[in-house]
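Subject: Handover of a structure, with notes

Dear colleague,

Please read them with the model open beside you.

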Amino acid sequence: YDKAANMSGKYSGVQARVLQLNNKAVFVPCMGHSLNLAGVAASESCIDAVNFFGFVQEFYSFMSSSTYRWMLLENAVKTEVDAVSSSGEKMPKKLSDTRWSARADALQSLVLQYKSYREALQKLVYDEQQKADTRAKARGLLKTMLTLENAFLATFWKSLLSRVDKTSKLLQDPALEFGTAVQ
């Protein structure tokens, strides 16, 4: 079971109804969901982490809300990837509150394509064809992106979430035995 109320509720959740039919059907929460909930609790306990993930989501929303901005970013990423023959995640990803693999992917992309993202924002800041509010938003995102704190948090959370993502995928393997999951 996941830990949502409709599944885990003691009185009217699915687990309660199954227990009525079979009193040996013990409630065992999904280890993958438990890991995700621990990640959510960890990130929400620190205001700097909340602000950082807010920045990551804000960057994605800003760039993806305009076909011109997205194309500008794609071109910057393509140029960098071609120049260094890199592979992996290229474009920014939308964050998810429940799927931490989406956050891991977003940070993988941010760290690997940092230079491209910075370049796209700089072009928007100095593009006089853009509206003033677009240029101001790009300037604010760029200023946040260039802070040492942001660079540290990107590196820290990328490292942490890549491990959480691998563990989460392992925990969701149908062949995984309960004893191994506990370990």
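V77 is buried, since its relative accessible area is 2%, where buried stands for under 20% relative accessible area, exposed for over 50% and partly exposed for what lies in between, with a 1.4 Å probe and protein chains only. This residue sits in helix α5, residues 67-84, and helices here are DSSP runs of H or I with at least four residues, while strands are runs of E with at least two, both numbered from the N terminus. If residues up to four places away in sequence are not counted, V77 touches K90, M91, Q113, S116 and Y117, a contact being heavy atoms within 4.5 Å. V77 and K115 lie 38 residues apart in sequence, and their C-alpha atoms are 8.4 Å apart in space.

Before going further, please note that this is a predicted model, in which local features need pLDDT of at least 70 and side-chain atom pairs count only at pLDDT 80 or more, whereas totals for chains, interfaces and linings use all residues. Residues are numbered from 1 along each chain as its sequence is written, and side-chain values use heavy atoms, with hydrogens and water left out.

As for the chain as a whole, it has ten helices and zero strands. Of its 183 residues, 36% are buried, and among the contacts with a separation of 6 or more, 62% are between residues 24 or more positions apart.

The 13 residues of α7 (residues 114-126) should span 18 Å at 1.5 Å a residue, and the end C-alpha atoms are 19 Å apart, which agrees; the expected span is 1.5 Å times one less than the number of residues.

The same check works for helix α4 (residues 47-64), whose 18 residues should span 26 Å and whose end C-alpha atoms are 26 Å apart. Buried in α4 are A49, F52, F53, F55, V56, F59, Y60, F62 and M63.

Next come the helix pairs. The axes of α4 and helix α8 (residues 132-145) come within 11 Å and cross at roughly 145°, the axes being lines fitted to C-alpha atoms, for helices over the stretch in contact, with angles from 0 to 180 degrees between N-to-C directions. In this pair, F55, E58, F59 and F62 of α4 meet T134, K137, A138, L141, T144 and M145 of α8. By class, that contact has six nonpolar, two polar and two charged residues, with Ala, Val, Leu, Ile, Met, Phe, Trp, Tyr, Cys and Pro counted as nonpolar, Asp, Glu, Lys and Arg as charged, and the others, Gly among them, as polar.

The axes of helix α6 (residues 100-112) and helix α9 (residues 148-171) come within 8 Å and cross at roughly 140°. These two helices are therefore oblique to each other, given that angles under 35 degrees count as roughly parallel, over 145 as roughly antiparallel, 65 to 115 as roughly perpendicular and the rest as oblique. The contact of α6 with α9 has eight nonpolar, four polar and three charged residues.

R103 of α6 is one of the residues that meet α9. R103 is buried, with a relative accessible area of 9%, and, leaving aside neighbours within four places in sequence, is in contact with F53, L95, S96, D97 and L161.
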